[in-house]
Amino acid sequence: MSYKRIFTIVLDSVGTGAAPDAAQFDDEGSDTLGHIGEAYEGKLALPNLQKLGLSNLREEAIEGVPAVDNPLGYYGKMTEVSAGKDSMDGHWEMMGLPVTQPLDFFPNGFPEELLAKIADFSGRKIVGNRPASGTKIIEELGEHQMETGDLIIYTSGDSVLQIAAHEEIIPLDELYRICEYARSLVNGPKYTLGRVIARPYIGTNKENFTRTSHRHDYSLEPTGKTDLDHLQENNIKTIGIGKINDIFSGNGLDEVYHNEDNMDGMDHVDHVMTQDFTGFCFINLVDFDSMYGHRRNPIGFGQALMDFDQRLATVLEQLREDDLLLITADHGNDPGFKGTDHTREQVPLLAYSPSMEKSESLGIRSTFSDLGATVLSNFNVKGTGKGTSFLTELM
């Protein structure tokens, strides 16, 4: 074992340029970090990510974030092999379980047969039923829901069924119960969806509707053991922060924390870093994706990155000599690109420990599973066999 504690922070949707297979997803030209830098016209300030090598891993530096001569640690990129570009695909692949079979998605809306079952179970009519931006469909149909109590159901370019409900019209317990039922309908074999997502919101009219932190993701049960399971079975502590618990349906996790937002998530990270344990802490910060990527808001996205970068300073200060910090992403969601969906991009890979004596490139990893393989190798645990560890490259 080289490191006693490994912290992996997933900056949800922070891609770093189109993947080699981006054309298959109609995502050629996407570049989340690059387009955010352009939107800021040289004023994007990410000093801590910068010194870790965020621009060094790119062919072209992010505008305002030049490459540095001597990064603190190691830097590279990872390429996804999973069939989709959703959070579930990305996180499962990181933990040694690539999604090899495409999941169902419904660009023309869900089948009436499926909606009828949800309507019968809930006792509520359904409106929407099409791909849409969550904030836009709530703006369009939220007042109707307040008058009628109908369910707002919508989807996206990913394998998701989302149910939006005003918290004062459809209480959270009821919304969650409906989503749990919907989850039971899409576990295959006829329909197999990656996630069912509860999307509660508040407000009095379309001018002030706001989605709340009570979102809950109901993911497909992992189709096999993940690296989290293998760690747990070998008495290596596993901690999930943010939607990690939802993505893995609670499997393989000893301790979990729900995030109200990115800053709350970083509060949890600060707390866990005070604990003395041997194990792996897996963190997802979703605001980049849900608040700014899907809404195609590069300025808000950039501000969220700068806010994270400030909190990263504390993490770097708290790291112990035998800690390893990994920073990556699960897909792209380019706020400067067309549409409102995730984008098929390569993702950053930054690795740092205070004990490191040098800095080098980790190159372009051929699968996200290299991350999980590295974690397993560190704790001398055998896993799925997916991915190639880069542990011995860290010096």
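Entry 1: I began with D12, which forms a salt bridge with K243; the closest N and O atoms are 3.1 Å apart. The pair links distant parts of the chain, 231 residues apart: D12 sits in the loop between β1 and α1 (32-39), K243 in the loop between β9 and α8 (244-247). I count as a salt bridge a side-chain nitrogen of Lys or Arg within 4 Å of a carboxyl oxygen of Asp or Glu. Helices (H or I, at least four residues) and strands (E, at least two) are DSSP runs, numbered from the N terminus. I then checked accessibility. D12 is buried at a relative accessible area of 0%, and K243 is buried at 7%. My cut-offs are under 20% relative accessible area for buried, over 50% for exposed, and partly exposed in between (1.4 Å probe, protein chains only).

**Entry 2: ground rules.** I am working on a predicted model, where local features need pLDDT of at least 70 and side-chain atom pairs count only at pLDDT 80 or more, while totals for chains, interfaces and linings use all residues. Residues are numbered from 1 along each chain as its sequence is written, and side-chain values use heavy atoms, with hydrogens and water left out.

**Entry 3: other salt bridges.** I found 23 salt bridges in the structure. One of them joins D323 and R5, with the closest N and O atoms 2.7 Å apart. D323 lies in strand β12 (residues 323-328) and R5 in strand β1, so this pair ties together parts that are 318 residues apart in sequence. D323 is buried, at 0% relative accessible area. R5 is also buried, at 0%.

Next I looked up D276. D276 forms a salt bridge with K4, and the closest N and O atoms are 2.7 Å apart. D276 is in the loop between α9 (262-273) and β11, and K4 in the segment before β1, so the contact ties together parts 272 residues apart in sequence. D276 counts as exposed at 60% relative accessibility. K4 counts as partly exposed at 24%.

I also noted a network of salt bridges that links D86, R195, R215 and D217.

**Entry 4: strand β11.** How many residues of β11 (residues 279-285) are buried? I get seven of seven, so I log the strand as mostly covered. Both faces are covered: G279, C281, I283 and L285 are buried on one side, F280, F282 and N284 on the other. In a regular strand the side chains alternate between the two faces of the sheet.

Which strands pair with β11? Strand β1 (residues 5-11) runs parallel to β11 and is joined to it by seven bridges. I9 stands opposite I283 there. Strand β9 (residues 237-241) also pairs with β11 in the parallel sense, over five bridges. K237 has G279 as its bridge partner in β11. Pairing requires that DSSP finds at least two bridges between two strands.

**Entry 5: helix α12.** I checked α12 (residues 369-378) for burial. Nine of its ten residues are buried, so the helix is largely enclosed by the rest of the structure. The buried residues include L371, A373, V375 and L376. Just after α12, N380 takes a positive phi of about 55°.

**Entry 6: the record.** The unreviewed UniProt entry carries the annotation "domain: Metalloenzyme" over residues 4-382. Its positions are in the numbering used here, feature names are shortened, and annotations may be inferred rather than shown by experiment. Over residues 4-382 I get 32% helix and 20% strand, with the end C-alpha atoms 17 Å apart.
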